[in-house]
Amino acid sequence: MDYATSFALVIPELVLTGSGLILLLIAAFGGEKTSGLVSILAAVALGAAGCLVLPSLVEGAGGATAMAFNGQFSADAFAAFAKLLTYLAAIGCLMIAPGFFGRLRAMRPEYPVLILFATLGMSIMVSATDLMTLYVGLELNSLAAYVLASFLRNDSRSAEAGLKYFVLGALASGILLYGMSLTYGFTGTTSFAGIRMAQEAGLSTGALFGLIFVLAGLAFKISAVPFHMWTPDVYEGAPTPVTTFFATAPKVAAIALTARVALDAFGSQHDAWRQIVIFAALASIVVGALGAIGQNNLKRLLAYSSINNVGFILIGLAAATAGGASAMLFYLAIYVVMSLGSFVAILMLRNGDGENLETFDDIAGLSSTRPAIAWCLLILMFSLAGIPPLMGFFAKLEVFRAVVEAGLIPLAVIGIAASVIGAFYYIKFVKVMFFDEPVDRATTGASTAQWAILAICTILISPIGWFLSQGLETMTQAAAAGLFAGV
């Protein structure tokens, strides 16, 4: 394929790259007073990139026609769907940030620039069809994320979160690199297509170890058990807008990348990696649910909720079918909306001194003092628990239906049983907000953007969102077909 065609396929990434460099110069020469302008322009750049990837999803792009740079990059429908989710989540995180950082006088133009470069890395990740491209995108995203976690330089919790994330992230990168080197050594190629062809005759012991280490490195990025240990500490310590970003956009990119590696590079040996994915899925559901029960900090609880939801998403991946991939993407889209809304609601809880409220003690009787936030949180928590007729229920229904159709009925039964555990701590939100004695600590100092995002997220996961689910299901099916077109 000639370079002109290749560059035409990576226009969204070129837009993000050029925008990031220009905004970096504006930030460098303009100083902190340009933070608002840079945020707006970063959101515009992400929106433009989203418009550019939309045709690939609508047309169901896939196969050789979507390949760029000699098979190292795929602009297929699967990547397009994941990119749209990451771009929308990143725009949401840009919108809610000024209200938080502005109060602390810590809003700097570096924040939107870092978000932009992190999103660029994610965009490369979900399109990677070569181990080298995979690592470039992963590290571009990770390096920006390490800085974002420690963005509040005068906050010891933020500095600690950034350091923990960096140290454990470096360890995960080492594990991933070792797995990639083993895979290359025993297959003779870094291309996903080449790896799949080399393993069609069977999986050697060395290649099996390579597969295990690659999946272990990716499990850290999606915070799946047993590589979840960083998630509660980083989510609690990082600034809340950054935590919101970590729980949404990078999660989408990492899960999409994991799915592409499993279904594309190792697609011919799904029986080998399915056991690993099933263990990680069930362990994440159980550990995420049990770990959240004893939490008093709301951000730590939502961190365990994130681990729990990753387990359900991996159940869809375990099906190793186009239907399973479609269900996984459907769940992922609903999860992004639920997480974004939940973290925005917590972000809006502040006392009279402008300090954020992050514990159950702070939201006691919230329905009496701040009923709008309390009712939105109720809907969001019930949706996360999978209670019908909210969209969280339909998301779980999709992944369970996919594994049943794939013949994995015991996995579906265990997953349904384990999901009951998680309902306990979601209902705890409702009990504290609606039945405990009011403490009246939360004020109404939220920005218009925060209210708008909370309202949109609540509506989307309410029964009203069901009317939009048909269009979402059509898009996820087209995305899954685009992925399997190259397999």
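Trainee: Which residues are linked in a network of salt bridges?

Mentor: In this predicted model, the network joins Arg157, Glu160, Lys164, Asp233, Glu236 and Arg300.

Trainee: How far apart are the closest N and O atoms of Asp233 and Arg300?

Mentor: They are 2.8 Å apart, and the two residues form a salt bridge. This pair links distant parts of the chain, with Asp233 in helix 10 (residues 231–237) and Arg300 in helix 13 (residues 298–318), 67 residues apart.

Trainee: Are those two buried or exposed?

Mentor: Arg300 counts as buried at 16% relative accessibility, whereas Asp233, at 27%, counts as partly exposed.

Trainee: How many salt bridges are there by this rule?

Mentor: The count comes to 12. One of them pairs Asp264 with Arg196, the closest N and O atoms being 2.4 Å apart. Asp264 belongs to helix 11 and Arg196 to helix 8 (residues 192–198), a separation of 68 residues. Asp264 is buried, with a relative accessible area of 6%, and Arg196 is buried as well, at 11%.

Trainee: And where do Arg274 and Asp271 lie?

Mentor: Both are in helix 12 (residues 270–293), 3 residues apart, about one turn of the helix.

Trainee: Changing topic, at what angle do helix 11 and helix 14 pack?

Mentor: The angle between helix 11 (residues 240–265) and helix 14 (residues 322–347) is about 170°, with their axes 8 Å apart. Helix 11 is therefore roughly antiparallel to helix 14.

How values were computed: Residues are numbered from 1 along each chain as its sequence is written. This is a predicted model: local features need pLDDT of at least 70, side-chain atom pairs count only at pLDDT 80 or more; totals for chains, interfaces and linings use all residues. Side-chain values use heavy atoms; hydrogens and water are left out. Axes are lines fitted to C-alpha atoms, for helices over the stretch in contact, and angles run from 0 to 180 degrees between N-to-C directions. Helices (H or I, at least four residues) and strands (E, at least two) are DSSP runs, numbered from the N terminus. Angles under 35 degrees count as roughly parallel, over 145 as roughly antiparallel, 65 to 115 as roughly perpendicular and the rest as oblique. A salt bridge is a side-chain nitrogen of Lys or Arg within 4 Å of a carboxyl oxygen of Asp or Glu. Buried means under 20% relative accessible area, exposed over 50%, partly exposed in between (1.4 Å probe, protein chains only).
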